[in-house]
Amino acid sequence: MVHISRICFRKYGNFVDNLRLYVRGGTGGMALPRLGGHGGNGGNVWVVATKNMTLKRIKDKYPLKRFVGGSGGNSSVRALKGEKGKDEEILAPVGITVTSDDGRILGELNAEGDRVLVAKGGSGGTPCSSFEPKKGQVKHIRLDLKLIADLGLVGFPNAGKSSLLTALSNATPQIASYAFTTLRPQIGKVAYPDYKQISIADLPGLIEGAHLNRGMGHKFLKHVERTKQLLFVVDVGGFQLASKTPLRSAFEAVQLLTKELELYKEELVSKPALLVVNKMDLPEADEMLEELKEQLQNPEDFTNLLPDDMIPKNFITFRHVVPVSALTGFGVDHLKSCIRLSLDEYAAMETGDTHQEKLQALRQQSHECFRNEDKVSLSSGVGGTQRTTS
Ligand SMILES: Nc1nc2c(ncn2[C@@H]2O[C@H](COP(=O)(O)OP(=O)(O)OP(=O)(O)O)[C@@H](O)[C@H]2O)c(=O)[nH]1
Ligand SMILES: [Mg+2]
């Protein structure tokens, strides 16, 4: 046990998914009282989303974790308006949420080139400010990385999540027969014959009691917050963490995972989800699969298998239940098709929704437009144009 925790510590130490930084906008420049000039404004500090950047690189490159905008130039006889201070840019990876120390969200970096202003430079001195410049904003900010992937793998340790990602994608995650092999999230890309690519995030295994900070706790669940769908993976034969902990069947594993997600953030459970039943090459796998399917038909009838406080408020209805063997490749192509189908359906629904929303907004706008026209014509007393309502 000690051995495992030492390994966890060493490997996890390489992965940084949040960082606290000191930022300060540049001070404004002095004005020249004699000639009534204006000092230049201090430079701003921005966080800018860039490709191939990691929080670890920021940490290594700037050990002081301090970013300050340039000072504004003083006004002089040659230039009555002082030059603006240089902006400071913190290059950060895509997928960052920037928050202030008190938890207020300052902005999100969802695509390359997105930028968030984190500290404004002080204004330069002017005759109105008695020629005195202002200091820039000072803050501590937090950069919080949440992976952006189409699907997130959720499962107990050893269920075969990383093996599945290897079978599906180009990723080469670490695979081993002990729990907690995966210690940091990793993304794999799955390619389709029509060149469409989708991304899947492999996460460290959750265990029963993660909400009580057991195992890796809920630490990594933030990485499935932004995924479009969830891919539950269970071992058809169930899971037992240690000889002293109960053996959980595949059905129990599904419900315990659901409850852990619910305890982390209830919205997560309403994401579309697929269930992968792995290790179908094991003896008696077919019988166990049948039993699981039956239990999933009427989950309420089997809640007695779970501890009272671990019964989910709502049972997930999976869009697809797919038996596979990551080891032999059985069912993997079918799973690939189901994933694609589910994502395409979801995208079509979303465009349908946005279409409806846009239509609704347009209707609302034209409604308001007509109402304003009416008001104008009434207040001006002009008969104006006539409109027939349909
Ligand atoms: N028989 C059989 N074994 C499998 C299959 N898939 C994975 N395994 C084995 O199960 C063990 C765990 O596999 P991993 O892919 O590391 O499991 P994981 O869910 O990523 O585990 P953690 O990273 O610890 O959460 C390894 O010994 C794999 O070889 C399968 O389809 N059949
Ligand atoms: Mg793994």
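Leu-91 sits in strand E4, which covers residues 88-92, where strands (E, at least two residues) and helices (H or I, at least four) are DSSP runs numbered from the N terminus. This is a predicted model, in which local features need pLDDT of at least 70 and side-chain atom pairs count only at pLDDT 80 or more, while totals for chains, interfaces and linings use all residues. Residues are numbered from 1 along each chain as its sequence is written, and chains are lettered from A and ligands numbered from 1 in the order in which they are written.

**Domains**
- The protein is divided into domain 1 (21-145) and domain 2 (151-346), with bounds that come from an automatic or database domain assignment.
- The C-alpha centres of domain 1 and domain 2 are 44 Å apart.

**Leu-91 and Thr-50**
- Leu-91 has 15 C-beta neighbours inside 10 Å and therefore counts as partly exposed; a residue is buried with 20 or more other C-beta atoms within 10 Å of its own, exposed with 12 or fewer, and partly exposed in between, the C-beta atoms being placed from the backbone.
- Leaving out residues up to four places away in sequence, Leu-91 touches Val-48, Thr-50 and Met-53, contact being defined as C-beta atoms, placed from the backbone, that lie within 7 Å.
- Thr-50 lies in the loop between strand E2 (45-49) and helix H2 (55-61), and because it has 16 C-beta neighbours inside 10 Å, Thr-50 also counts as partly exposed.
- With the exclusion of residues up to four places away in sequence, Thr-50 touches Leu-91, Ala-92 and Glu-112.
- Thr-50 and Arg-115 are 65 residues apart along the chain, and their C-alpha atoms are separated by 9.6 Å.

**Nonpolar cores**
- The largest nonpolar core has 54 residues, and those with the most contacts inside it include Val-154, Ile-200, Phe-232 and Val-277; such a core is a set of buried Ala, Val, Leu, Ile, Met, Phe, Trp, Tyr and Cys residues joined through C-beta atoms within 7 Å.
- Among the elements that give two or more residues to this core are strand E9 (151-155), strand E11 (197-202) and helix H5 (285-297), while H4 gives the most, with 8 residues.
- Apart from this core lies another, of 20 residues, among them Val-98, Leu-109, Val-116 and Leu-145.

**Helix H4**
- The 15 residues of helix H4 (residues 250-264) should span 21 Å at 1.5 Å a residue, and the end C-alpha atoms are 21 Å apart, which agrees; the expected span is 1.5 Å times one less than the number of residues.
- Because 13 of the 15 residues of H4 are buried, H4 is largely enclosed by the rest of the structure.

Technical notes:
Two residues are in contact if their C-beta atoms, placed from the backbone, lie within 7 Å.
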